Amino acid sequence: MTTLDIAQRVDAKGLACPLPIVRTAQAMKTLASGQLLEVLATDAGSVKDFDAWSKSTGNALVESGADGGVFRFVLRKK
Amino acid sequence: MDTTLGLVLFSGTDDTLNAAAVLTAGAAAVGRPVHVFLQYWALDAFRASKIDGDHGAAPEAGDEGRAAMAAMRAAGQAPWSETFRQAKDIGDVTIQACSLSMDLLHLEHGDLDPVVDGIEGVAAFMFAAGDGQIVFI
C-alpha cells in the first residue's frame, strides 16, 4: 500500500450536503497545484457529489473508498 | 459548467431560502457563476435586522416539516445566511437586491445585510443572467 503525501485533511464527518463539498472547495483554494487533499465524510450523497465535483473542477479524485460508515476521498489539485 | 445560473428568490421562508442557499453553494463549488436576484419576501429576509431571525416555513411544511427543520438546526446545520456567505467565498457568486422590491419595502442599501452586494433593476439582472438558466424560487 503506497502512503500518500496528504497536504491537508478535511473532517466533514457528520456534516450534511452541501458542507462536505463547500469545506473541500474552501480547503482546495489554499493548496498548490499537485498537492493532495483528504476528505472524510459520512453524508450518503458524498460519493456521487465528490465524483461530480472532481469532474467539474478538474481536481482529480485519486482515491474514493468507504470504511464502516465513513467515506474517504483523496483529491489532487489541478 | 460556466454558464451563469440566475436565481430569482421570491419566497422568504427558511425552507426555501435554505434550499436556495444549498443550490448556490453547490453551483459555486463546481465552478458555475451564480447571480442571485432578491425580490419581495426573500429581499425582506435579507434585512440586516432580520437575517438571523426565524422566517418560518411554507404552509406545506406542516408541523412535521417545521420539527424536521428545527432538528437539523439543533444538529448544527448552518443557517442559510452562512451558506450564502460560504458560497461567495468558494465561487463566483453575486447577490443583488431588486430595486423595485427595495421601493416596495421602503428599504435602503444600509438596511440590508452585507452579504447583499448591491441593488439592480430587472434589465441588469437579465443581462447578467445571459443565456444561462433563470430559476424562480
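Biologist: What covers the buried residues of H1(A)?

Modeller: The model is a predicted one. The cover over the buried residues of H1(A) includes strand E1 (6-12), strand E2 (36-41) and H2 of chain A, together with H1 and H4 of chain B.

Biologist: How many residues of H1(A) are buried, and which are they?

Modeller: A residue is buried if 20 or more other C-beta atoms lie within 10 Å of its own. Eight of the eleven residues of H1(A) are buried, and the helix is mostly covered. The buried set consists of Leu19(A), Pro20(A), Ile21(A), Val22(A), Thr24(A), Ala25(A), Ala27(A) and Met28(A).

Biologist: At what angle do the axes of H1(A) and H4(B) cross?

Modeller: The axes of H1 (residues 19-29) of chain A and H4 (residues 80-90) of chain B cross at roughly 35° and come within 9 Å. The crossing of H1(A) with H4(B) is left-handed. From H1(A), the contact draws on Val22(A), Ala25(A) and Gln26(A); from H4(B), it draws on Gln86(B), Asp89(B) and Ile90(B). By class, the residues of this helix contact are three nonpolar, two polar and one charged.

Biologist: Why might residues three or four places apart in a helix point the same way?

Modeller: An α-helix has 3.6 residues a turn, so residues with that spacing point the same way. For the helix pair here, the residues that H1(A) brings to H4(B) are Val22(A), Ala25(A) and Gln26(A).

Biologist: How many residues does each chain give to the contact between chains A and B?

Modeller: Eleven residues come from chain A and eleven residues from chain B. On the side of chain A that touches chain B, H1 and helix H2 (46-57) each supply at least two residues. That side of chain A has eight nonpolar residues, three polar and no charged.

Biologist: In what order do the elements of chain A run?

Modeller: Chain A holds two helices and four strands, and from the N terminus on the order is β-α-β-α-β-β. The radius of gyration of chain A is 11 Å, close to the 12 Å that the globule rule gives for 78 residues, so chain A is as compact as a globular protein of that length. Buried residues account for 33% of the 78 residues in chain A. Of the contacts in chain A between residues at least 6 apart in sequence, 57% join residues at least 24 apart.

Biologist: Which residues have the most contacts inside the largest nonpolar core?

Modeller: They are Leu9(B), Ala28(B), Ala29(B), Leu38(B) and Phe46(B), in a core of 47 residues. Helix H1 (residues 14-29) of chain B gives the largest share of this core, seven residues. Beyond four places away in sequence, Phe46(B) touches Leu38(B), Ile51(B), Leu112(B), Asp113(B) and Val116(B).

Biologist: Where is the cis peptide bond that involves Cys17(A)?

Modeller: The cis bond joins Cys17(A) and Pro18(A), with omega about 0°. Cys17(A) is placed in the loop between E1 and H1 of chain A, and Pro18(A) lies in the loop between those two elements. Cys17(A) counts as partly exposed because there are 16 C-beta neighbours inside 10 Å. Not counting residues up to four places away in sequence, Cys17(A) touches Asp43(A), Gly45(A), Asp49(A) and Val22(B).

Biologist: Is His106(B) buried or exposed?

Modeller: His106(B) has 7 C-beta neighbours inside 10 Å and therefore counts as exposed. Phi of His106(B) is positive, near 55°, although the residue is not glycine. Its place is the loop between helix H5 (99-104) and strand E4 (118-120) of chain B. Tyr40(B) also has a positive phi, about 45°, without being a glycine. Tyr40(B) sits in helix H2 (residues 40-45) of chain B and, with 17 C-beta neighbours inside 10 Å, counts as partly exposed.

Key:
Residues are numbered from 1 along each chain as its sequence is written. Chains are lettered from A and ligands numbered from 1 in the order in which they are written. This is a predicted model: local features need pLDDT of at least 70, side-chain atom pairs count only at pLDDT 80 or more; totals for chains, interfaces and linings use all residues. Axes are lines fitted to C-alpha atoms, for helices over the stretch in contact, and angles run from 0 to 180 degrees between N-to-C directions. A crossing is left-handed if the near helix is turned anticlockwise from the far one by less than a right angle, and right-handed if clockwise. Two residues are in contact if their C-beta atoms, placed from the backbone, lie within 7 Å. Ala, Val, Leu, Ile, Met, Phe, Trp, Tyr, Cys and Pro count as nonpolar, Asp, Glu, Lys and Arg as charged, and the others, Gly among them, as polar. A nonpolar core is a set of buried Ala, Val, Leu, Ile, Met, Phe, Trp, Tyr and Cys residues joined through C-beta atoms within 7 Å. A residue is buried if 20 or more other C-beta atoms lie within 10 Å of its own, exposed if 12 or fewer, and partly exposed in between; C-beta atoms are placed from the backbone. The radius of gyration is taken over C-alpha atoms; the globule rule is 2.2 Å times the number of residues to the power 0.38.
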